[in-house]
Amino acid sequence: MKKIMVGMALTATLATAVTPGFGSIGGNQEKAYAATVTYKVTASKLNVRSGAGTNYGIIGSVVKDQMLSVVSKSGSWYKINYNGRTGYVSSGYVQASGTATPSAESTTYTVMASKLNVRSGAGTNYASIGSVTKGQKLSVVSKSGSWYKINYNGRTGYVSSDYVQASGTATPSAESTTYTVTASKLNVRSGAGTNYASIGSVTKGQKLAVVSKSGDWYKINYNGRTGYVSSDYVQASATASPKLVVDSFKTLGNAQQVILVTADNYDTKSAKIQTFEKVDGKWKQVLTANGVLGQKGFALSKKEGDMESPTGKYTIGTAFGRYANPGTKLPYRKITANDVWVDDSKSSLYNTWQQKPANGRWTSAENMDIPAYDYGFVINYNESRTPGKGSAIFFHVGTNYTAGCTATSKEQVVSILKWLNPEKNPVIIQSPVSELDKY
């Protein structure tokens, strides 16, 4: 559908102190605050979860303008005090009260992507002012949402936190993880290195509560005190890895690739896009990205012109673009100046790709030769072409909101197009998080 270029990404610069622990590209780094910070809910209703991810159970909810006591940040999730217990809320739907304070001093991070754009602001809708490459060290001044503010060639720039990780010092784990000792006997030391004194030992098969990782050493709770063990002689227990959301889906059939588009509720235009692929019989997560829906969010029952994106599970149709095939295995059609998608419910060609002139065949149709359709693919919605049920439902380029499609940055659209393989029967599922049990 037509892309309407309005809207603004909500960001807040956070005053954080990094504590040692695990780290992985894409934001499993927990930022702990010296004291709790007050944040305000911006969504009409926001789920509170038992862990930092949509795969964790819902333990309650908070409402718009409610004040939250934020203890720390784990990736794109805030850890909060909720009714006397620990809960997590998505950082995309809360903002700091008052003025946020940047970190007192810069922290060095390492670029993990082969090439990473540096932008003039904290979002893909801001212009690129240059790029950095894999292994390059960055001086991070502060964090704004899922973006790091850096010093870049004497000016301020922003890079996505998904593609950098803290250098040198260890990055934290959101919660302790259980590991199993694999050596017959393993020394526990007072610090992260063999030069530190042994304070005891553990034996093969023993379970350890690992709090964080520092280089090649795991920090553990040992007899009521802090200890360190070499990571060479322990391994994550089978229960340590959280279950992926797609593992519980019952309607996937022979699909081996899934694009999952979720939102916290029906009324938000902001979405989370995840891709999963089944490898050797097990689901693996491939990509996570921010996306947008129709201006009015998800539709309970989609209608032509309602500015809402349809929920449901759909197959993937033809890929398209205004340029040459970027490398997708899907059938690909290059858009021309005469290409349109018919949205006239009274036309026999309703919800089909046609070419001008109309010659009386329709009274309205959407022009395909627009920047939003630089690249994308057809979501096979309303294949029966029921009049008035909605037309031209695509996955395409965009960062603000759409008129009923799903959109994300051009970089992510191309990445997904290259990944999609029709031999793996890919599907796209679009749903509020609370209704994922339907699938």
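Which residue takes a positive phi in the hairpin of β21 and β22? That residue is N223, with phi near 50 degrees, in a hairpin that has two residues between the strands. The model is a predicted one, in which local features need pLDDT of at least 70 and side-chain atom pairs count only at pLDDT 80 or more, while totals for chains, interfaces and linings use all residues. Residues are numbered from 1 along each chain as its sequence is written, and side-chain values use heavy atoms, with hydrogens and water left out.

As for the overall picture, the protein has one helix and 37 strands. Helices (H or I, at least four residues) and strands (E, at least two) are DSSP runs, numbered from the N terminus. Of the 439 residues, 49% are buried, where buried stands for under 20% relative accessible area, exposed for over 50%, and partly exposed for anything in between (1.4 Å probe, protein chains only). The protein exposes about 19,900 Å², and carbon and sulfur atoms supply 47% of that area; accessible areas come from the Shrake-Rupley method with a 1.4 Å probe, and for residues only the protein chains shown count as cover. Contacts (heavy atoms within 4.5 Å) say something about how the chain is put together: among those between residues at least 6 apart in sequence, 61% join residues at least 24 apart.

Strands of a sheet pair through backbone hydrogen bonds, either parallel or antiparallel. Two strands are taken to pair if DSSP finds at least two bridges between them. Strand β20 (residues 207-214) runs antiparallel to β21 (residues 217-222), with four bridges between them, and K213 sits opposite Y218 of β21. Two residues lie between these strands, and G215 takes a positive phi near 65 degrees in this hairpin. On to the next pair: β21 is joined to β22 (residues 225-230) by six bridges, again in the antiparallel sense, and W217 has S230 of β22 as its bridge partner.

Strand β31 (residues 339-342) is held to β33 by three bridges, and V340 stands opposite N367 of β33.

D280 is another non-glycine residue with a positive phi, of about 55 degrees. D280 is placed in the loop between β25 (270-279) and β26 (282-292) and is exposed, with a relative accessible area of 78%.

Charged pairs come next. The structure holds seven salt bridges, a salt bridge being a side-chain nitrogen of Lys or Arg within 4 Å of a carboxyl oxygen of Asp or Glu. One of them brings together R333 and D339 (3.6 Å, N to O); R333 is partly exposed at 32% relative accessibility, whereas D339 is buried at 1%. Another pairs K410 with D374, the closest N and O atoms being 2.9 Å apart. This pair links distant parts of the chain, 36 residues apart: K410 belongs to helix α1 (residues 410-419), and D374 to the loop between β33 and β34 (375-379). K410 is partly exposed at 36%, while D374 is buried at 6%. K438 and E435 also form a salt bridge, with closest N and O atoms 2.9 Å apart. Salt bridges that share partners join R322, D369, D374 and K410 into one network.

Finally, there is Q430, found in strand β37 (residues 427-432). Q430 is buried, at 0% relative accessibility. Leaving aside neighbours within four places in sequence, Q430 is in contact with several residues, among them V261, F298, I379 and Y439. T406 is also a contact of Q430, and the two side chains make a polar contact at 2.5 Å. A polar contact is a pair of N or O atoms within 3.5 Å; within protein, one must be able to donate a hydrogen and the other to accept it, and residues adjacent in sequence count only if both atoms are side-chain atoms.
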